[in-house]
Amino acid sequence: MDRPILIGAVAYDQRVVPIWEGMRDYFREAGMPIDYVLYSNYDRQVEALLDRQIDIAWNTNLAWLKVCRRTDNRCRALAMRDVDADFKTVFVARTDSGIQSLADIHGKRLALGSADSGQAAILPIEFLREAGVDAERECRVSRFNLDVGKHGDTGTSELEVLRALRDGEADAGAMADSTWIRQVTEGRVDPTQVRAIWTSPGYCHCNFTVLEDFPEEVGRNWTGTLLTMTYDNPRWRELMDLEGLKRWLEATPEVMKGYDSLWEAVERQGLTRNWPS
Amino acid sequence: MEEFPQPAALVEGGALEVGNGLLMLLREAMEPLPPDAVVAVRASHPTVAHDLPAWCRVMAHTYMGAASGPDGTVYYFRKSPFLPIATEERPDWGVRMPRRDNGELHTRDWMVGRVEAVPDRATTTTGFAPRGAVVEQGAPAFDFTINERSAVWAAEVADLYEQATANQWDASRDIPWDRLEPLPEPLERAVCQLMTFLTENEYSALYVPAKFVPRINPQFNEVVMFLCTQMMDESRHIEAFTKRALANGGGLQYSAASTQLSLKTLFDQHDFTSASFLLSVLGEGTFLDLLRFIETHAPDPVTAEICRRARVDETRHVHFGMAHMRYYLAQDPANYEHLERAVRERAAFMQSVTEVSPRVQEALAILAAGGLNADRLPEGLAKVRALVSEMHEHRMRRLLAAGFSAEQAVEISRLHTPNFM
């Protein structure tokens with residue numbers, strides 16, 4: 001390519017700017033200049049990728065599925081963060097609720113994050129279903145639909161789930177394990193009041209998405225360059241801390257199986273009905 | 001049951017949870033382990049099964065699984081390959097400052113371990129980290145502009161700091177204010193004029209180091225700390241001299257434009273060594289003679305005691321200035337030219353100033369004469385003239401001790417401001 005590769009990202013937080021300024025510095029110094037465009041929501045970014053306004057989209061799992069569906073799988077993922085490959089959802093419950101397993105959530109008050117959050121809404125419904133609980137019919141569900149369009153990236157809805165549990169407005173709730181463990185290690189959770197009761201199998205979260213005709217070799221070079229960014233180089237450590245990773249991973253076919261569970265959940269919950277085709 | 005490798009460390013977590021102490025035990029145990037070492041932790045609390053793997057995931061440790069045994073569940077993970085802090089260096093451990101025979105712990109004795117390594121050139125990215133600490137890479141650069149050791153250092157600086165902290169005094173309580181008696185008006189006026197003059201000079205002696213402290217790299221912390229004692233000393237002198245002017249029926253008197261010009265040329269110095277030379281070696285050095293003169297001829301015990309105490313403090317500042325000059329000139333004798341130029345440039349700025357303010361001269365003469373006494377005024381004036389030549393002689397002696405040649409000393413002393421400071 002005779003111009004910088006253009007990457008789209010969603011501005012879910014102020015820190016997105018320093019992250020992408022850092023990425024731009026990194027790729028320029030590596031001799032493979034990039035530029036970036038920020039969008040306010042993932043649907044806008046998906047449209048931009050499909051319209052070829054950007055070359056690569058830094059997508060959530062739900063945005064990835066939307067691209068797959070819109071292109072009839074004529075797309076591929078290049079890379080992701082280490083934490084995206086084995087992402088997990090935890091269910092947490094009030095200690096006074098008597099809940100010790102997913103089955104115990106039957107008939108209880110359940111708090112969920114934004115409706116478009118894979119980790120805090122879509123997949124939790126699926127995990128409960130697998131445990132024999134039809135959450136929509138058998139639980140009193142409170143949804144915190146905050147920052148819809150950003151696919152749960154802001155984390156605000158997950159913090160609301162935790163607040164609802166703390167305030168006794170809900171008995172159980174679901175969120176990303178990374179959100180949960182940060183709250184625990186930062187001392188914001190009283191373990192006598194709220195604790196984790198179940199951890200999901202791993203699944204995939206974000207990835208760098210390109211359309212099928214994005215040149216193979218450019219993609220390989222770009223991914224190779226990204227993968228050489230190391231956390232032990234202080235120059236990039238801050239950027240990696242802001243983005244919440246320790247290393248970048250290649251999106252191998254094996255790793256990409258981690259999107260299957262969300263696909264199934266989306267289909268079963270009929271969410272694709274509202275997606276443009 | 002799954003087999004795990006022999007762990008490099010086994011942490012007994014008891015009933016602790018991840019959020020209430022288990023991580024602290026883990027960090028302590030993991031600190032000395034190499035990357036990829038296997039760590040085992042035995043923990044009985046059920047939440048550990050969820051929270052430990054989640055913590056491993058965000059920290060890039062590789063969670064391996066758990067084995068239940070009769071003494072609880074043992075969890076296994078592999079330590080992250082990444083440095084927890086971005087540095088390959090390790091901090092000191094096992095250093096111990098020597099204590100003095102009387103049990104005291106002196107600043108000059110803290111040159112142990114990594115602290116001893118005073119850099120010849122400090123980097124601005126060590127920021128406010130104390131010298132000797134291990135500084136993580138990637139810290140922001142600070143705007144320190146004085147990063148060369150030779151620009152500030154003095155071999156005796158820690159000793160001088162030690163003396164300074166041991167000799168602080170209290171201008172409200174350590175001065176015999178109750179022994180102040182009414183004086184004849186000309187004498188009181190002379191004292192008040194001198195107190196006014198001393199105070200304005202002390203302001204410059206406070207503001208000059210104050211201007212440099214935020215520019216000096218904290219790797220040279222002994223210098224910064226010494227300058228802070230100097231600033232505190234000057235502040236106390238300002239307090240004491242002002243109080244004396246206000247305490248006995250007189251008041252603050254005139255501040256001459258020529259004095260302000262002289263002090264401003266000092267305050268306008270941009271280079272620490274030049275400023276230190278002009279202020280401490282030449283200015284404060286000259287002030288030692290002035291303070292002794294006022295002390296000797298003081299008409300009251302309060303004025304004498306204030307000047308005596310201020311002189312002891314100023315002697316330390318002069319010593320620091322001289323020690324710094326010795327260090328600076330020892331790096332390169334050609335540095336002399338730099339100092340000479342500073343003196344010459346300052347002199348050129350104040351050609352209009354040919355003598356210390358007449359009111360100050362007269363006040364000194366009145367003190368030396370014991371009052372506005374016609375019989376004794378000529379003797380008083382003669383003593384003032386003797387003081388000025390004594391100042392010149394002593395300046396030369398200090399310049400020689402600081403490492404200047406006799407020829408250089410004569411030239412510099414001659415060019416020094418007639419305003420004393």
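In this predicted model, helix α12 of chain A, which spans residues 260-268, has four buried residues: S261(A), L262(A), A265(A) and V266(A). Around the helix axis they cover an arc of only 130 degrees, which places them on the same side of α12(A). An α-helix has 3.6 residues a turn, so residues three or four places apart point the same way. The face of α12(A) that is turned away from the buried side carries the exposed residues D260(A), E264(A), E267(A) and R268(A). The buried residues of α12(A) are covered by elements that include α3 (61-71) and α5 (118-130) of chain A. After α12(A) comes G270(A), which has a positive phi, near 70 degrees.

The view may now be widened to the whole of chain A. Its secondary structure consists of twelve helices and twelve strands. The radius of gyration of chain A is 19 Å, close to the 19 Å that the globule rule gives for 277 residues, so chain A is as compact as a globular protein of that length. Along the principal axes, the C-alpha atoms of chain A fill a box of roughly 60 × 45 × 30 Å. Of the 277 residues in chain A, 48% are buried. Among the contacts in chain A with a separation of 6 or more, 78% are between residues 24 or more positions apart.

One part of chain A to examine is an open sheet of five strands, arranged in the order β2-β1-β3-β11-β4 with mixed pairing. At its edges stand β2 (34-39) and β4 (75-77) of chain A, each of which pairs on one side only. Direction ignored, neighbouring strands of this sheet are turned by 30 degrees against each other on average. Strands in a sheet pair through backbone hydrogen bonds, either parallel or antiparallel. The parallel sense is found between β1 (residues 5-10) of chain A and β2(A), which share six bridges. Within this pair, A9(A) has L38(A) in β2(A) as its bridge partner. Helix α1 of chain A, residues 16-29, packs on the sheet and touches β1 and β2 of chain A, and its direction makes about 165 degrees with that of β2(A).

Chain B also contains an open sheet, here of four strands in the order β1-β2-β4-β3, again with mixed pairing. Its edges are formed by β1 (9-14) and β3 (62-69) of chain B; each has a single partner strand, so one side of each is left without a neighbour in the sheet. On average, and with direction ignored, neighbouring strands of this sheet are turned by 20 degrees against each other. Strands β2 (residues 38-43) and β4 (residues 72-78) of chain B run antiparallel and are joined by six bridges. One of the residues involved is V41(B), whose bridge partner in β4(B) is Y75(B). Helix α1 of chain B, residues 22-30, packs on the sheet, where it touches β1 and β2 of chain B, and its direction makes about 165 degrees with that of β1(B). Helix α2(B) lies across β2, β3 and β4 of chain B and runs at about 160 degrees to β3(B).

Finally, the two chains meet in a contact that takes 24 residues from chain A and 20 residues from chain B. Helix α2 of chain B (residues 48-59) supplies seven residues, the largest share of the side of chain B that touches chain A. The residues on that side of chain B comprise ten nonpolar, seven polar and three charged.

Definitions and conventions. Residues are numbered from 1 along each chain as its sequence is written. Chains are lettered from A and ligands numbered from 1 in the order in which they are written. This is a predicted model: local features need pLDDT of at least 70, side-chain atom pairs count only at pLDDT 80 or more; totals for chains, interfaces and linings use all residues. Two residues are in contact if their C-beta atoms, placed from the backbone, lie within 7 Å. Helices (H or I, at least four residues) and strands (E, at least two) are DSSP runs, numbered from the N terminus. Ala, Val, Leu, Ile, Met, Phe, Trp, Tyr, Cys and Pro count as nonpolar, Asp, Glu, Lys and Arg as charged, and the others, Gly among them, as polar. The radius of gyration is taken over C-alpha atoms; the globule rule is 2.2 Å times the number of residues to the power 0.38. A residue is buried if 20 or more other C-beta atoms lie within 10 Å of its own, exposed if 12 or fewer, and partly exposed in between; C-beta atoms are placed from the backbone. The arc is that of the directions from the helix axis to the C-beta atoms. Two strands pair if DSSP finds at least two bridges between them. Axes are lines fitted to C-alpha atoms, for helices over the stretch in contact, and angles run from 0 to 180 degrees between N-to-C directions.
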